[in-house]
Amino acid sequence: MQITRQEIIDASQIVYAEMPPTPQYRWPMLSEKLGTELWVKHENHSPVGAFKIRGGLVYFDHLSKSPQVPRGVIGATRGNHGQSVGYAARRYGIPATIVVPHGNSLEKNAAMRSLGVTLIEHGEDFQESREFAQQLAQEQSLHLVPSFHRLLVTGVATYSLELLQQVKDIDVVYVPIGLGSGICGMLAARDALKLETEVVGVVSAHALAYAKSFSEGRPVESPVTTRLSDGMACRVPEPQALELITRGVDRIVPVTDDEVSAAMCMMFECTHNVCEGAGAAALAAANQEKTKLQGRKVAVVASGGNVDQPVFADVLKRH
């Protein structure tokens, strides 16, 4: 999957018709805590509070121009992908159904419903929801919106292009891995700009599918037990994403729920930004590796801010 700079620029025009570029800031207190120059790419500032909206807008722009526009779409999510689908589907006037696992974030569910999504709860984790969505797509003749696709990657690569063009000479960037579109977008933008920036993947230490697969060079299923980083709660890796990650990522860093909760608090303390678990994971990984980052220009992706109020309150209380 080679994505050109021009393809990302073209995708940017689709994205910017709905939202402005998100900021990247160097926060003095964060830089002080990590002992190096640290930049944050604020994808928590998007209209749905997460980076996924970019891929959804690009995917649905192309879908709306297809010879046969579907009568409805369906997808599976833990929340942010579903908001992206809901936002873009409403923008193009296409009914959307989303399947989420039981026990999913109440506020992410409410956000999807507010976008006009028909929400179905099924399964104990994302993978079971995904398989049920595939089944319903066949039974009801709905277009299945994948969680990983070239158009989605091209769309989310627009945030990486913004970051890498605005902040010159980044030595290393940390990117959380859910199913893989975000980090594959970063690889696409880096390679399109012909940069030498190290891309470091971040996974939950309680959802190690991508870390184990990266290490073994083949897809490895791994159980999910994280209670905080639902955006990284992947049990079965996406083969196409894994191939790109294996080729282009420098290393993968697992972070525990305790490390993530500390990073959520650090982000709030130093920037007064709210991050969900996956959104703070990149900062958690950079903080874990801070002794090796001295003297380097570092960036972390705050991929989303959609955390339920009671969860965030508990995190702040504990720290």
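A pocket, as the word is used here, is an open set of grid points with protein on both sides within 12 Å along at least five of seven lines, and its lining residues are those with an atom within 4 Å of a point. In this predicted model, the largest pocket is lined by 29 residues, and those nearest its centre are R78, G103, S105, R227 and D230. A search of the whole structure also finds two cavities of 30 Å³ or more, as well as four aromatic pairs.

**Pockets**

- The largest pocket has a volume of about 460 Å³, and its lining is made up of eight nonpolar, ten polar and eleven charged residues.
- Helices α5 (106-114) and α13 each supply at least two residues of the lining of the largest pocket, with the largest share, four residues, coming from α13.
- The second largest pocket, with a volume of about 310 Å³, is lined by 16 residues, of which M1, Q2, L187, A188 and D191 lie nearest its centre.
- In the lining of the second largest pocket there are eight nonpolar, three polar and five charged residues; α8 and α10 (239-248) each supply at least two residues, and α8 gives the most, with six.

- The largest cavity has a volume of about 390 Å³ and is lined by 32 residues, with K52, G178, L179, G231 and M232 lying nearest its centre.
- Two or more residues of that lining come from each of α4 (80-91), β7 (172-176), α8 (181-192) and α12 (277-288), and α8 gives the most to the lining of the largest cavity, with three residues.
- By class, the lining of the largest cavity divides into 14 nonpolar, 13 polar and five charged residues.
- The second largest cavity, at about 40 Å³, is lined by K52, G55, G56, H81, S84, S147, L152, V156 and S181, a set that holds two nonpolar, six polar and one charged residues.
- Helices α3 (52-64), α4 and α7 (150-166) each supply at least two residues of the lining of the second largest cavity, where α3 gives the most, with three residues.

**Aromatic rings**

- Among the four aromatic pairs, Y59 and F60 form one that is edge-to-face, with 6.0 Å from centre to centre and 65° between the planes, and both Y59 and F60 are buried.
- The rings of F268 and F312 form another pair, with centres 5.6 Å apart and planes at 80°, so this pair is edge-to-face.
- Because F268 lies in helix α11 (residues 257-271) and F312 in helix α13 (residues 309-318), the pair ties together parts that are 44 residues apart in sequence.
- The two members of that pair can also be described by their accessible area: F268 is partly exposed, with a relative accessible area of 29%, whereas F312 is buried, with a relative accessible area of 10%.

**Helix α11**

- Helix α11 has 15 residues and reaches 21 Å from its first C-alpha to its last, which is close to the 21 Å expected at 1.5 Å a residue.
- The buried residues of α11 are D257, V260, S261, A263, M264, C265, M266, M267, C270 and T271.
- Just after α11, H272 takes a positive phi of about 55°.

Terms used
Residues numbered from 1 in each chain as written. Predicted model: local features only at pLDDT ≥ 70, side-chain atom pairs only at ≥ 80, totals over all residues. Heavy atoms only, no water. 1 Å grid on protein atoms, 1.4 Å probe; cavity = no way out; pocket = protein on both sides within 12 Å on 5 of 7 lines; lining within 4 Å. Points joined across faces, edges and corners; volume = space filled by probe spheres on them. Nonpolar A, V, L, I, M, F, W, Y, C, P; charged D, E, K, R; others polar. Phe/Tyr/Trp six-rings, centres within 6.5 Å; stacked < 30°, edge-to-face > 60°. Buried < 20%, exposed > 50% of the residue type's maximum accessible area, 1.4 Å probe, protein only. Expected span 1.5 Å × (residues − 1).
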